[in-house]
Structure formats: structure tokens, C-alpha cells
Amino acid sequence: MSFPAERPRRLRRSERLRALVRETRVTPEQLIYPLFVAPGEGLRREIPSLPGCFHLSVDQAAKEAREVESLGIAGVILFGLPAGKDAAGSEGYAEDGVVQKAVRAIRAACRDLLVITDVCLCEYTSHGHCGVVADSEVQNDPTLELLARMAVSHARAGAHVVAPSDMMDGRVAAIRKGLDAAGLADTPILSYAAKYASAFYGPFREAADSAPQFGDRRGYQMDPANVREALREVRLDVEEGADIVMVKPALPYLDVIRAVKEACDRPVAAYNVSGEYAMVKAAAARGWVDEERIVKETLTSIRRAGADVILTYHAKDFARWS
Ligand code: PBG
């Protein structure tokens, strides 16, 4: 039976009908909003490469977090701009580091907003790489202990979830072991399991001042051409104890999100990264695209591909529009 009996347009005739049969929904409670925390007080400085996003001192981050919570957004993920950098990224795991302070301030200011922390050394190291460097190479195993210390310091400060983004082998196991040994067995790990070496991180590296000072990240982040390798990375992270697995970036990797969703039984997150955001903002500022429609369509496509959770700089705008 087909046309004229079959007329798919019948179910598109009104918004009521369309909403009734809609297969995919996006709600603010599925979204996580990134915050960039910097030293100082009363600081709220717009990030040129991420219009509408700000460098925030701890007090301002707490204020911003309250607004995010009032918009119904699930949580924030924190990135830090330390006062000083060194070869071992030591401010990243300092008790009174900028992220640790922000976690405490946000937890005190908010009722139940989820506080997630990005666990990675690149914002804290003088060379800008995601691990310890020796002989011009990022050393995998010596990095693991530092990542575990960082995750424990975040969780001790009150982070609800820790999110390693460094792509060292074995880091989920090392972090799980560190958390458990510190009496933090209930802190979940959201692992950036399939994180690609992507040009879409450009605006973030300007925002976080985390561009590598030599070389690039292709020795640890994934080759954009690979999807079967993503399944391997996800399998290993799940075996090591990841509670949620993430694919990053999102839009150029929708096929990877779908493949991960089908291959594993953990919740799947996707990171709609800085370059994806900046392109929309730039085109919208010129009047070339309708920002609200583009953002809704983008987030819907990421959910349709299989993401349960989306990390996105559009979260506040989206929540206001929905
Ligand atoms: C840290 C980290 C990066 C991003 C999240 N965590 C940058 C990178 O790997 O270079 C990118 C986020 C974005 O582009 O929005 N390793």
C-alpha cells in the first residue's frame, strides 16, 4: 500500500500533531554548560573566541552557576585558568587551585546543580600538553598518578562527577583506584572516551590558554578517520570503570555517537565543542543563519544520533528559548 493511501504529510499538519509524534526531544536537564574559572575577584570578562561565554573569578562563577541552575540546566563543567603554570601542572591538583575553590563556592551557592570537573593537565602545564613531557614526548604512565591526584582533589572539594579529557591510556583505571582509595567510591567518572584530535577545539584553546607550545595532540587524541577505534577506546574505558562515556566533538562525529550508543550499555555524552559554537555565533552575527533554529536543530541532531547528555556552550540560550 502506498500513495494515495500513504500520505506522511497527514501527521505534519499542525504543531500539535508534529509534537505528538516527535521522536527526539532536547530539554535543559540533558545539558551541561562549560565555565572557565580564573583567578581574581569580580572578574567577568567575555571570551573573544566564544562570544556570550566569560572568564569568571570564583565569586562570579558561583553567581553564574546560580543562573544556570535557575534555567533548569543539569550542571556545569569547570575548566581552570591557573595563576601560574609549570612543567608538572601542579596547580591542577592543588588543594586551593582555582577549580577546587570554584567547586566549593558553587556547591555552597547552588541547591543541586551538578558540578563536573574537567580532569586534564593542559591548562596547567607550561608546555600546554595533557601530560608530563620528557624527550619531547608526552609520557603516559607518569601522567596517570597526577591525573588521579587531580580527580581526587576535585572530588574532595565537592565535585559530583570527574571527567578526564587527557586521552592517556589507563587513566580511567588510575582515577577510579585513586578515588576509591580516598573513600570516594561513589564519585562517577565521565570519560572523554573517544576524543579526536580536532581543529574544532581552536576557540577553547584560546579561552583556556592551553594550546601546546610544541607539536600537537595527535600522539594521544584520536585520528578523525577512525570509528572502530572509538569502540575500542569506549570498551577499554568501560572495563576500567567509566560510568558515562563521551564522544567529542559532536557534530562532525554523529556516526561515532550512534556507533557508541549501539555498542555499549553506558549513558553516552557528546561535547558540542567550541569550534562548533563559534561558527554558529559568527554566522548568526552576520545574519547568515537563524541562531535559535540552528541551535535547536543542532542539539536535536546530537540527541537523535544517540547522545543522552550534551555538553554545550549554547545551553543557556537554549534553555531560555525552550
Ligand atoms: C582539555 C580539553 C580540551 C577541550 C576540553 N577539554 C582541549 C583540547 O583537548 O585541546 C575542548 C573543548 C572545546 O573545544 O570546547 N584537554
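**Entry 1. Aromatic pairs**

I searched the whole structure for aromatic pairs and found eight. I note that the model is a predicted one. I then looked up where the two residues sit. F36 belongs to strand β1 (residues 31-37) and F204 to helix α6 (residues 202-208). The pair thus links distant parts of the chain, 168 residues apart.

**Entry 2. Y271 and Y313**

I next examined Y271 and Y313, a tilted aromatic pair with 6.1 Å from centre to centre and 40 degrees between the planes. Y271 is in strand β11 (residues 268-272), while Y313 is in the loop between β12 (309-312) and α11 (315-321), so the pair ties together parts 42 residues apart in sequence. I noted both Y271 and Y313 as buried.

**Entry 3. The cluster**

Which residues form one aromatic cluster? I listed F36, F79, Y192, F204, Y271, Y277 and Y313.

**Entry 4. Charges over rings**

Finally, I looked for charged side chains over ring faces. K248 lies over the face of Y271, at 5.0 Å from the ring centre. R286 is placed over the face of W288, at 5.6 Å from the ring centre.

Technical notes:
Residues are numbered from 1 along each chain as its sequence is written. This is a predicted model: local features need pLDDT of at least 70, side-chain atom pairs count only at pLDDT 80 or more; totals for chains, interfaces and linings use all residues. Side-chain values use heavy atoms; hydrogens and water are left out. Rings of Phe, Tyr and Trp (its six-membered ring) pair if their centres lie within 6.5 Å; planes under 30 degrees apart count as stacked, over 60 as edge-to-face and the rest as tilted. Helices (H or I, at least four residues) and strands (E, at least two) are DSSP runs, numbered from the N terminus. Buried means under 20% relative accessible area, exposed over 50%, partly exposed in between (1.4 Å probe, protein chains only). A charge sits over a ring if NZ of Lys or CZ of Arg is within 6 Å of the ring centre and within 35 degrees of the ring normal.
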